[in-house]
Amino acid sequence: MILKKFLVATAIIATFFSCTAPIDISTRDGKPVIVVYGCITDENKHQSVRLTESSPYFDEKTNYPVLEANVRVNTSDGKTYTFVGKENGDYLSTVRFAGSPGVTYSLVIDVDFDSDGTNEVYEAQTTMLPTVPADSIGVKLLDLMGFRHFAVNIYMQEPAETTNYYIYKYFINDTISNDTMSEFIISGDNPYNGSYLDGVTVTYLEDASDEDNIAMSGEWDNDHMVLPGDVIRLQILNIEEGYFNFIRECRQEKRGENPFFGGPPSNITTNISNGGVGYFTSYSLQEKSVVVP
């Protein structure tokens, strides 16, 4: 387990090492700002945008939802989609639609956020990138430091002509195992740009049939255990560099000295205009599955 924790720590350091922008953190309570999290995918579904109000760093209350906003998304191929809000601040498209690679999506939010009688307008743009086809994924049993683990490996040709950034999400028997930003597996293509990923390890899972793993499971955080015969489904998301930086900087903020109770501060990467924070993004995805041997 010690080796596993070292490998994870090394991966985090490698992912974050390229960040050179300083982070200037203020712990003083600031004026609330709108927090926008939105995403358009190439899945045929009701696409979503979440609007909340930022809270101070040390305020343990859940961020308040922003209600009664007019939300729409315009596309570069001439379509407009209207989004309708729910009580929790989630705005869903009134129709199902699938995003398309190469199309630019422009978010427009019209709302009286500061309650002064005049609406403010917040805007953001994202262009969906194409999928990067993967050949397959595999699972390999490893014995590390006396514990049995399964390495989930990917086989894929990484494009040489573009710089790519990825999120990997994985499901065990149709249950997602890393659905929060702090658990996303993110990666740039350096040093793999243009290379064939011939069994590069994406994540490690614990062997639930190992008695030593079972005995230690209560002491391990964010570890996921599998049995032979379980189905692992890996989603590969090709994301924009700006969204990659947003995730990385939010995670750096969370791992710092200050709790991450509110929305991200303004010095974290954002593409929201007019003083808003958060991120509006798009991505295409593909899935590969494998059965644990």
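The legends below describe close-up views of a predicted model.

**View 1. Y165 and F244 form an aromatic pair.** Seven aromatic pairs turn up in a search of the whole structure. In one of them, the ring centres of Y165 and F244 are 4.8 Å apart and the planes stand at 40°, so the pair is tilted.

View 2. F246 is in helix α3 and Y279 in strand β16 (residues 277-291); the two are 33 residues apart and the pair links distant parts of the chain. F246 is buried, its relative accessible area being 0%. Y279 also counts as buried, at 8% relative accessibility. Ring pairs join F246 and Y279 with Y37 and Y243 in a cluster.

**View 3. R251 is a buried arginine without a salt bridge.** R251 is found in helix α3. It is buried and has no salt bridge. E183, the nearest side chain of opposite charge, is 9.2 Å away, and a salt bridge requires a nitrogen-to-oxygen distance within 4 Å. The R251 side chain instead reaches the backbone oxygen of F184, at 2.6 Å.

View 4. The side chains of R233 and D174 form a salt bridge at 3.3 Å, N to O. R233 is in strand β15 (residues 231-239) and D174 in the loop between β10 and β11 (175-176), so the bridge ties together parts 59 residues apart in sequence. R233 counts as buried at 17% relative accessibility, whereas D174 counts as exposed at 62%. Salt bridges with shared partners connect D174, R233 and E287 in one network. R233 also lies over the face of F171, 4.1 Å from the ring centre.

View 5. The structure holds six salt bridges. D90 and R50 meet through their side chains at 2.9 Å, N to O. D90 lies in strand β5 (residues 90-93) and R50 in strand β2 (residues 48-53), so the pair ties together parts that are 40 residues apart in sequence. D90 counts as partly exposed, at 21% relative accessibility, and R50 is partly exposed with a relative accessible area of 29%. In the other bridge, the side chains of K79 and D77 are 3.3 Å apart, N to O. K79 is partly exposed at 39%, as is D77 at 43%.

View 6. Strand β8 (residues 134-144) and strand β9 (residues 147-157) run antiparallel and are joined by 10 bridges. Among the facing residues, A134 stands opposite M156, and G138 has N153 as its bridge partner. Two residues separate the strands, and M145 in the turn has a positive phi of about 55°.

Key. Residues numbered from 1 in each chain as written. Predicted model: local features only at pLDDT ≥ 70, side-chain atom pairs only at ≥ 80, totals over all residues. Heavy atoms only, no water. Phe/Tyr/Trp six-rings, centres within 6.5 Å; stacked < 30°, edge-to-face > 60°. Helix = DSSP H or I, 4+ residues; strand = E, 2+ residues; numbered from the N terminus. Buried < 20%, exposed > 50% of the residue type's maximum accessible area, 1.4 Å probe, protein only. Lys NZ or Arg CZ within 6 Å of the ring centre and 35° of its normal. Lys, Arg positive; Asp, Glu negative; His and termini not counted. Polar contact = N/O pair within 3.5 Å; in protein donor to acceptor, adjacent residues only side chain to side chain. Pairing = 2+ DSSP bridges.
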